[in-house]
Amino acid sequence: MPAGYSLVPFSKAVWTNVVKNRPWGTHGMMFTTGKGELAETWHTGQTQWMGVGKKNWRINRLGNKYKTNNCNLAILIRKACVTLPPTPAPTPAPTPVPTPE
């Protein structure tokens, strides 16, 4: 896995907004549980299979490479976003210097 990327733990928000209704070209997307358990697999909405939270398959790791043994499943990975420092508040324009009359 490239530096800066990681396996994605399951959340209903990620499944609903990222996986469920996108054309992934696979039956199910695998999420890590983060607990050393079997991965959770959720359907992608592209097929008749409508599995939700199935723990039938394992994410296999060899060194820094990850894979599933099922050709109709995929593993979701993510890259952390860069956090930029906040934009400083605007400063008021200086008041003009009075001119003598």
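Modeller: Buried means under 20% relative accessible area and exposed means over 50%, with partly exposed in between (1.4 Å probe, protein chains only). By that scale Cys81, with a relative accessible area of 71%, is exposed. This is a predicted model, in which local features need pLDDT of at least 70 and side-chain atom pairs count only at pLDDT 80 or more, while totals for chains, interfaces and linings use all residues. Residues are numbered from 1 along each chain as its sequence is written, and side-chain values use heavy atoms, with hydrogens and water left out.

Biologist: How many disulfides does the structure hold?

Modeller: A disulfide is a covalent bond between the sulfur atoms of two cysteines, taken here as a pair of cysteine sulfur atoms within 2.5 Å. The structure holds zero of them.

Biologist: In what order do the three strands of the open sheet stand?

Modeller: Strands (E, at least two residues) and helices (H or I, at least four) are DSSP runs, numbered from the N terminus, and two strands pair if DSSP finds at least two bridges between them. The order here is S3-S2-S6, with mixed pairing. S3 and S6 are the edge strands, each having a single partner, so one side of each lacks a neighbour in the sheet. On average, neighbouring strands of this sheet are turned by 30° against each other, direction ignored. Strand S2 (residues 28-31) runs antiparallel to S3 and is joined to it by four bridges; Gly28 has His43 as its bridge partner in S3, and Phe31 stands opposite Glu40.

Biologist: Are the faces of strand S3 covered or open, and which residues lie on each side?

Modeller: In a regular strand the side chains alternate between the two faces of the sheet. In strand S3 (residues 40-43), Glu40 and Trp42 lie on one side and Thr41 and His43 on the other, and all of these are buried, which leaves both faces covered.

Biologist: Which helix lies across S2 and S3?

Modeller: Helix H1 (residues 12-19) does, running at about 145° to S2. Such axes are lines fitted to C-alpha atoms, for helices over the stretch in contact (heavy atoms within 4.5 Å), and the angles run from 0 to 180 degrees between N-to-C directions.

Biologist: Which residues make up the largest nonpolar core?

Modeller: In soluble globular proteins, nonpolar side chains tend to be buried together. A nonpolar core is a set of buried Ala, Val, Leu, Ile, Met, Phe, Trp, Tyr and Cys residues joined through side-chain atoms within 4.5 Å. The largest one here has seven residues, namely Val8, Trp15, Val19, Met29, Phe31, Trp42 and Leu76, and the elements that give two or more residues to this core are H1 and S2. Leu76, in the loop between S6 and strand S7 (77-79), is buried at a relative accessible area of 9%. Beyond four places in sequence, the contacts of Leu76 include Val8, Val19, Met29 and Phe31.

Biologist: What does the side chain of Thr26 reach?

Modeller: A polar contact is a pair of N or O atoms within 3.5 Å; within protein, one must be able to donate a hydrogen and the other to accept it, and residues adjacent in sequence count only if both atoms are side-chain atoms. Thr26, in the loop between H1 and S2, is buried at 8% relative accessibility, and its side chain reaches the backbone oxygen of Asn72 at 2.6 Å. Thr68, in the loop between strand S5 (65-67) and strand S6 (73-75), is buried at 16%, and its side chain reaches the backbone nitrogen of Asn70 at 3.3 Å.
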